[in-house]
Amino acid sequence: MSDPEPVRVLLADDQSMVREALATLLGLEDDMEVVAQVGRGDAVVAAAKAYAPDVALLDIEMPGMTGIEAAALLRTECPRVKVVIVTTFGRPGYLRRAMESGADAFLVKDAPAAQLAEAVRRVLRGERVIDPTLAAAALADGADPLTARERDVLTAAADGSVNADVARLLGLSEGTVRNYLSTAIQKTGARNRAEAARIAREKGWL
């Protein structure tokens, strides 16, 4: 009998050194082959269609599109591809959003290489793999209280943009923007929009 085909892996990470290190580590596994690497989130789906990976390993914070957004798009465009989110930022809010996007696994980058490789094998067996420490933190931290629109407004205002600019960007009235910001500030327990954005980012809600 011939040996089984190796697991085909797509890597997406905007830090080339990290991406290449992951590729090297996974390449040491007898049953895995890194078939494509991309440095932008908005290049993930095109690479998946071109190289037909079995598993996509996605970083969260990438230019063009976040790994969480790319995971959701992969679920629609390439549903057979399993998705493993691998991130430096082990934030409970990120875990919740990743699972909602359809990701099959969520691991932090400092996990041992053997653990990452085993996570790839497990998701191919139909399992869901979550870093246990992060899972416990997510349960303790509670659900994201922000609505999708509140997140949009808070993100747009985080760089100091005035309400009028945010309103034009999102197609809302200034009064609506003001109301969303006020609610977001209350929900995060912040004193102002900048602090609200910082708190939301730290928790992985943005």
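Contact here means heavy atoms within 4.5 Å of each other. This is a predicted model: local features need pLDDT of at least 70, side-chain atom pairs count only at pLDDT 80 or more, and totals for chains, interfaces and linings use all residues. Residues are numbered from 1 along each chain as its sequence is written, and side-chain values use heavy atoms, with hydrogens and water left out.

**View 1. R122 in helix 5.**
R122 lies in helix 5, which covers residues 113-124. Helices (H or I, at least four residues) and strands (E, at least two) are DSSP runs, numbered from the N terminus. R122 touches E127, R128 and V129, leaving aside residues up to four places away in sequence. Is R122 buried, partly exposed or exposed? R122 counts as partly exposed because its relative accessibility is 29%. Buried means under 20% relative accessible area, exposed means over 50%, and partly exposed is in between (1.4 Å probe, protein chains only). The C-alpha atoms of R122 and A105 are 9.1 Å apart. Along the chain, R122 and A105 are separated by 17 residues.

**View 2. The whole protein chain.**
The protein chain has ten helices and six strands. Its C-alpha atoms fill a box of roughly 70 × 35 × 30 Å, taken along the principal axes. Of the 206 residues in the protein chain, 44% are buried. Take the contacts in the protein chain with a separation of 6 or more: 64% of them join residues 24 or more positions apart.

**View 3. Helix 2 against helix 3.**
Helix 2 spans residues 44-51 and helix 3 spans residues 67-77. Their axes come within 9 Å and cross at roughly 40°. Axes are lines fitted to C-alpha atoms, for helices over the stretch in contact, and angles run from 0 to 180 degrees between N-to-C directions. That angle makes helix 2 oblique to helix 3. Angles under 35 degrees count as roughly parallel, over 145 as roughly antiparallel, 65 to 115 as roughly perpendicular and the rest as oblique. Which residues make the contact? Helix 2 supplies V44, V45, A48 and K49, and helix 3 supplies A70, L73, L74 and E77. By class, this contact of helix 2 with helix 3 has six nonpolar, no polar and two charged residues. Ala, Val, Leu, Ile, Met, Phe, Trp, Tyr, Cys and Pro count as nonpolar, Asp, Glu, Lys and Arg as charged, and the others, Gly among them, as polar.

A52 sits in the loop between helix 2 and strand 3 (55-58). Most residues other than glycine have a negative phi. A52 is not a glycine, yet its phi is positive, about 50°. A52 is partly exposed, with a relative accessible area of 40%.

**View 4. T87 in strand 4.**
T87 is found in strand 4 (residues 82-87). Is T87 buried or exposed? T87 is buried, because its relative accessible area is 0%. T87 touches D59, I60, F106, L107, V108 and K109, again leaving aside residues up to four places away in sequence.

**View 5. Helix 7 against helix 8.**
The axes of helix 7 and helix 8 (residues 163-170) come within 9 Å. They cross at roughly 125°, so helix 7 and helix 8 are oblique to each other. R149, D152, V153, A156 and A157 in helix 7 meet V166, L169 and L170 in helix 8. By class, the contact of helix 7 with helix 8 has six nonpolar, no polar and two charged residues.

**View 6. L172 in its loop.**
L172 is found in the loop between helix 8 and helix 9. L172 touches R149, V153, A167, V177 and Y180, not counting residues up to four places away in sequence. The C-alpha atoms of L172 and L28 are separated by 52 Å. Along the chain, L172 and L28 are 144 residues apart.

**View 7. Helix 10 and its cover.**
Helix 10 covers residues 193-202. Its buried residues are E195, A196, A197, I199 and A200. What covers them includes helix 7 (148-157) and helix 9 (174-188). The axes of helix 9 and helix 10 come within 9 Å and cross at roughly 55°. That makes helix 9 oblique to helix 10. Just after helix 10, G204 takes a positive phi of about 80°.
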